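Me: I have a model open and want a quick walk through it. Can we go piece by piece?

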Amino acid sequence: MTSMYSDVELLRYIATEDAAETEALFAAAREARAPYYGNEVYFRGLIEFTNYCRNDCYYCGIRAGNRRVERYRLSPGEILDCCRAGDELGFKTFVLQGGEDPYFTDDRVVELVGAIRRRYPDHAITLSIGERSRGSYEAFFRAGANRYLLRHETANEAHYGRLHPAAMSLVNRKRCLFNLKEIGYQVGAGFMVGTPFQTPECLLEDLRFLEALQPHMVGIGPFIPQSDTPFASAPQGALALTLRMVALARLLLPRALIPATTALGTVAPDGREKALLAGANVVMPNLSPKAVRKLYALYDNKICTGDEAAECRQCLEGRIRSFGFVPNMARGDFAAAS
């Protein structure tokens, strides 16, 4: 597939600090989004159901090696309660996100997804539970899961190796993403901006990988250090660069669903709104019980951990409207080519 931008052009946009050039980039991203989604912003209900994880990613606050984490996992009943609350608030998409928790075997995930599907036959069910076998993904899909989020984190092999222990493999992560797409999921990939050892060339590789994968969703957020990880003292990813990467992803994948991530709202009070102005079109208010929100600490100082679900939705709706966007509680499926 021929890209609409050369490597030289993309690297220029990645590196630019020129205000006029940046605003032109954001305007082009908004124009690319408009034919498919207009000014609508889709709401997803996020349920962070377990912070147990078998992996030891060096940047993550719930990594297996972090002994200071207070671990939790929600019961199926508690997860269904979150779905019920979300449905009452109008959400038509549930996003079940968690660490790679060995407790949630394939059978338990299938049972959980099936229970949600039976209660909410018209809702979208998104899973974000990491690397599994193709057979596992097929079982979840048969049970009723529609979408799967799995950030690749970095498409550069050497960079991946500096962010993860040797037991983890970029080759396998990419294989998982292609398997998910072949099975029929709406698939989300993505990466962090500003991780240790990242170069502009790494970010270029991320964009080229997205072009090759052609995912339905792309999650891009700034790296934010967590105090109990090996990267605790590393600098935070820059808001401006993250926004440019959001815009470039929109230009390369005009039909993609791109969240204005909570991490962007953490690094700047208006970070999510700025992401919408740079081409994003999804937000994910938290439906998790208030008691566990602070425990799902992938990074420090995460926002919205003390709000009720209704407060999260109302606050975000008002902010979005004030920036000229239209909140939309529908499923908001990927705008497939006609």
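Me: What order do the strands of the open sheet of three have?
Reply: The order is S8-S1-S9, with parallel pairing. This is a predicted model: local features need pLDDT of at least 70, side-chain atom pairs count only at pLDDT 80 or more, and totals for chains, interfaces and linings use all residues. Residues are numbered from 1 along each chain as its sequence is written, and side-chain values use heavy atoms, leaving out hydrogens and water. Strands (E, at least two residues) and helices (H or I, at least four) are DSSP runs numbered from the N terminus. Strands pair if DSSP finds at least two bridges between them.

Me: Which strands stand at the edges?
Reply: S8 (282-283) and S9 (326-328). Each has a single partner strand, so one side of each lacks a neighbour in the sheet.

Me: How many bridges join S1 to S8?
Reply: Two, and S1 covers residues 40-43. Tyr42 has Val282 of S8 as its bridge partner.

Me: New topic. How do H5 and H7 pack?
Reply: H5 (residues 134-143) and H7 (residues 170-183) pack at about 35°, axes 10 Å apart. Axes are lines fitted to C-alpha atoms, for helices over the stretch in contact, with angles from 0 to 180 degrees between N-to-C directions.

Me: Which residues of H5 make the contact?
Reply: Arg134, Tyr137, Glu138 and Phe141. Contact means heavy atoms within 4.5 Å.

Me: Is Leu96 buried or exposed?
Reply: Leu96 is buried, at 1% relative accessibility. Buried means under 20% relative accessible area, exposed over 50%, partly exposed in between (1.4 Å probe, protein chains only).
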